[in-house]
Amino acid sequence: MPENYDHYISKNIKAFYKRRLAAPIIYLIVLILAWHFFSLSAVFSPDILPDDTSLETAFRGGKQYISTTLSDLKFTGYTQSIFGHTNGYYYYTMRDEECIIVLLSPNTSEEGLPSIEEVTIKGKISKGNENFDTLLSNLSTDLNWTENGIRNKVSSYYISEPGFNHVGNWILFAAIFITGIYALLCIVLSVIYMFFPVLSPACQDLALFGNPKKMLEQAEEELATLPQLATEDMFITEHFFIETSVYGNAIVPIDEIIWIYKYSTLHKFFWYHFSISYTLHISANKHLYIQCPKNIKSDIDGIICLLYTSDAADEL
C-alpha cells in the first residue's frame, strides 16, 4: 500500500480510465484496417465494373462487390436453392467476348424469365464452387458439349446478385457504425475523466448526496490525513467508504449506507476447485448500489466490522 495518499482517489481514477483507453483504441484500429484491407466500403458503394475488364481481373484486383449493366441474358433452366427456397436463377450472357454466368434474384428475374434484354444489378463476383461446377456440367450435357469445351468458353467466375446481400450489408454497416461510435465515445469519455476526475461516474454518484467536487475534496483530505482502515484497494475514512481498484472506483458517504454484506464465489474447472473470491456489496440511500469484486475475505470482514461498529452503525 502507498504511504502517501495525497490526491490518491483522483490519481486512481485517472489510472483506471487510462487503462480503459487501450481496448477501444485497438478496436478502432482493427476496424479501420479491416475496412481498408477487406474493402468494406465497396459493400455500400460498389465499384462500377468496366466493360473491358474480365471478372477474374476484377476479382483479383479486389473488386468483389460491383455494379454493372448486362444485356441479352438467357435463362439456363437452373436455379439455386437454400433450405428448399429458391434463392436465385442462373443466366448466361456475353460480356466483351467473355461468356459469363449470372445468378439473378427472384425479383430481378421475375421468377425465371426465359430472356432478359437488359438489367442493371449490384452483385458479388465469386469464384466457381462445387455448385457452379455442377451447373457447367449440366449445361454441357444440355448443349451436347464436352465439359472441357464449356469451361473454355465460360468464365470460371460468376456474378451473384443474391451474394450482394442488402439486408446483411446493412446489418454489417449498422454493427460497424454502432460499435465504432461506442468505441469512440469510450475514448472521449475516458480522456475527459482522466483530465477531470470529478466528472467520472464514481464522483458524480456523490451528486445524490451533495456537491461532488466538495465531497471529493473532503474524501481526498480524510484519506491523506488519517484513514481509519486501509486495505489494498478499499478504505474507510471518518465519513467515507472508498474503493480504488482495477475494477472501478467508488466513494460512498458512510452515513448514507443502508446495507453492506459480502458474497463468495467458488471458482472451479470441471471438478477442481481452485479459488474463492469475495465481493463486497453496498446499498446506500437514493438507490445507489456498489459492488467491490475479487477481494480477500479478511479485507472485506475488516470493512464490514468497522462500518458496523462505527458511529454510523445505526444507519446500517
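## Surface and model

The chain exposes about 18500 Å², and carbon and sulfur atoms supply 57% of that area; accessible areas come from the Shrake-Rupley method with a 1.4 Å probe, and for residues only the protein chains shown count as cover. This is a predicted model, in which local features need pLDDT of at least 70, side-chain atom pairs count only at pLDDT 80 or more, and totals for chains, interfaces and linings use all residues. Residues are numbered from 1 along each chain as its sequence is written, and side-chain values use heavy atoms, with hydrogens and water left out.

## Overall shape

Welcome to the fold itself. The chain has eleven helices and 13 strands, where helices (H or I, at least four residues) and strands (E, at least two) are DSSP runs, numbered from the N terminus. Its radius of gyration is 33 Å, well over the 20 Å that the globule rule gives for 316 residues, so the chain is more spread out than a compact globule. That radius is taken over C-alpha atoms, and the globule rule is 2.2 Å times the number of residues to the power 0.38. Along its principal axes, the C-alpha trace spans about 100 × 45 × 30 Å.

Buried residues make up 40% of the 316 residues; buried means under 20% relative accessible area, exposed over 50%, and partly exposed in between (1.4 Å probe, protein chains only). Of the contacts with a separation of 6 or more, 57% join residues 24 or more positions apart, a contact being heavy atoms within 4.5 Å.

## Two nonpolar cores

A nonpolar core is a set of buried Ala, Val, Leu, Ile, Met, Phe, Trp, Tyr and Cys residues joined through side-chain atoms within 4.5 Å. The largest one holds 43 residues, and among those touching the most other members are Ile9, Phe241 and Ile303. Helix α1 (residues 8-20) gives the most to this core, with five residues.

Not counting residues up to four places away in sequence, Phe241 touches residues including Met234, Ile251, Leu280, Cys292 and Ile303. A second, separate core of 17 residues includes Ile66, Val102, Tyr157 and Ile159.

## Two exposed loop residues

Asn144 is found in the loop between α6 (130-142) and α7 (147-153). Asn144 is exposed, with a relative accessible area of 71%.

Leu226 lies in the loop between α10 (212-225) and β7 (229-230), and is exposed with a relative accessible area of 65%. Leu226 and Glu238 are twelve residues apart in sequence and 8.3 Å apart in space, C-alpha to C-alpha.
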